[in-house]
Amino acid sequence: MTAAPHEDAALMAASQLIVPDANTDKKQSSSKKNAAASTTNNSNSATNALARSNLLRLETAELLQESFLHIHPTSISDGGHGNNPHYEAKWAPSVRSYLGSITGIMEGLGKASLGPNVVEQVAGAVKEKGMEHLNNNAHDEHRVPLLSDKFNKSSSSSNNNPLTTWSFPFQGGTSLSIHPIGSFGHVGNAGLANRHANGGDVLPVLDVAVLVDGSIMGGDGDSEGFVGGKDYLNHRYTDKRNILAVHIAKQLSQKKHRSKVGAVHLTNVFGDSRKVGLVLTPPLDSDEDESSSKQSSSADKKKRKRGKKEESNKNKGTMKNNKLRFRIRLIFGVKQDELSQKSSSNQNHHDSDDDSSDEEMEDVATWNSWIPRSRLLPNRNNNRSEKQSDNTNDAPNGNDGTPHYNNALAEDLHLLTTTNLISTTLSSLTPTSGSNNSSPISSFHETLLLLKVWALQRGLLRGHDSFTTTTLGVLLVYLYRTKVIGKRMGCVQAFTTFMKFWSENGMRS
């Protein structure tokens, strides 16, 4: 039997409703793809239009104008009109005055014999403000981490044995050299930003290097240098530097210096737990103004009642004018003294058990540091295990390099050199100030500040294994010197070139 014609028609209509048409799906998917592509093209065209318009240029100029901060480390002349140019911050003289006070106090430090006992926190003693533990081990009695083999050997033996007790001489403040570094030391303060452009309401931190003497034949028991010999091995230099930082922090925290120095805090430098620095917070002059006003007002109670409102307004004004403007960060490093050619024999003597060739020894004679230049290569092993001696490779991974440790050593050696490198490049780019004494900025200054703001917004600054203002500046110096970025490029074009270079050269990995 066959179905009726009307039943066939009903079955065909039902099958069309149940089974979708393949052509319809293709049309819908293609329409979605076209819509997504059109949206992407519209966004790209909008971005390209913004990049070519004057709006981006105006917004960038406004951001830079509000973010620049100029503070000269030393007094400069403004064409006979004073020592404070119009483009410099009004409170810049207070920075120079405060830095001069800190320099004078540190130069007056006396000689001392330092050791691990300097960083010990006595159980039950009153904790000093700003001297909190920087050590990750909460059960350790030391404020800062001590990792050297000499410290381990000294702590494992009897403390009363003078043969095993580890100590080293500090020749006093006259052996220290203090220099502004980083954005504070660059020509035109490249990379220095106001507090609102510094990652939120963050005070500007001005970096100052405290450099100690380094000598080839220095080291323990030698008065020629605070560090030297083989102190670059096994965290010996790191422990010496951290112990010195705590010693200077204790001296600056004394009550007699509190009115000039203010608060002193220990901190980790560049996000490295092995590097200890000091953050100095200057005191506020408003406290002294308030105390003097109280003493004068207590002499005459009637005048105090009559001028109560006026005095309160004056006190509010002084508090506003004397609010905290900046902080100083002391970063410890080593001087790079020039070596004579005769020092090559001494270098061969103290590094005879290392696997260095004769050619490397000749290079070391002209290298301005107590560390052999070959020792800073990333494939060299300067942080050896306890079982591994200086001239053997008994450990299974004895030939493995310590690139991060070597880079930390090189960073301390080139604090001042890196600042001078960036300043030299800036001097060739910065136009000479005319009669109007305009702000000494160039496209380098603007690009570096844009990169700093960009890194702050993405959490790529002020952290472990992240950018610093100095590393961004060094990368810009490389791009300028290799002519990847031209001298006539604007800041937006230079910023785009930097991003392209960073994305195409595998730096993100």
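Me: What covers the buried residues of H17?

Reply: One caution to begin with: this is a predicted model, where local features need pLDDT of at least 70, side-chain atom pairs count only at pLDDT 80 or more, and totals for chains, interfaces and linings use all residues. Residues are numbered from 1 along each chain as its sequence is written, and side-chain values use heavy atoms, with hydrogens and water left out. The buried residues (under 20% relative accessible area with a 1.4 Å probe, protein chains only) of H17 are Cys491, Ala494, Thr497, Phe498, Met499, Phe501 and Trp502. The cover over them includes H3, H15 and H16.

Me: Which residues of H15 make the contact with H3?

Reply: Contact here means heavy atoms within 4.5 Å. H3 brings Thr60, Leu63, Leu64 and Ser67. On the H15 side, the residues are Glu446, Leu449 and Leu450.

Me: What about H14 and H16: is the arrangement oblique or roughly parallel?

Reply: The axes of H14 (residues 415–429) and H16 (residues 469–481) come within 10 Å, crossing at roughly 45 degrees. By that angle, H14 relative to H16 is oblique.

Me: Is H6 largely enclosed or largely open, going by how many of its residues are buried?

Reply: H6 covers residues 236–252, 17 residues in total, and reaches 25 Å from its first C-alpha to its last. Of the 17 residues, 15 are buried, so the rest of the structure leaves H6 largely enclosed.

Me: And Asp231, buried or exposed?

Reply: Asp231 is in the loop between strand E6 (227–228) and H6. The C-alpha atom of Asp231 is separated by 9.9 Å from that of Gly214, 17 residues apart along the chain. With a relative accessibility of 3%, Asp231 counts as buried.

Definitions and conventions:
Helix = DSSP H or I, 4+ residues; strand = E, 2+ residues; numbered from the N terminus. Axes fitted to C-alpha atoms, helices over the stretch in contact; angles between N-to-C directions. Parallel < 35°, antiparallel > 145°, perpendicular 65-115°, else oblique. Expected span 1.5 Å × (residues − 1). Buried < 20%, exposed > 50% of the residue type's maximum accessible area, 1.4 Å probe, protein only.
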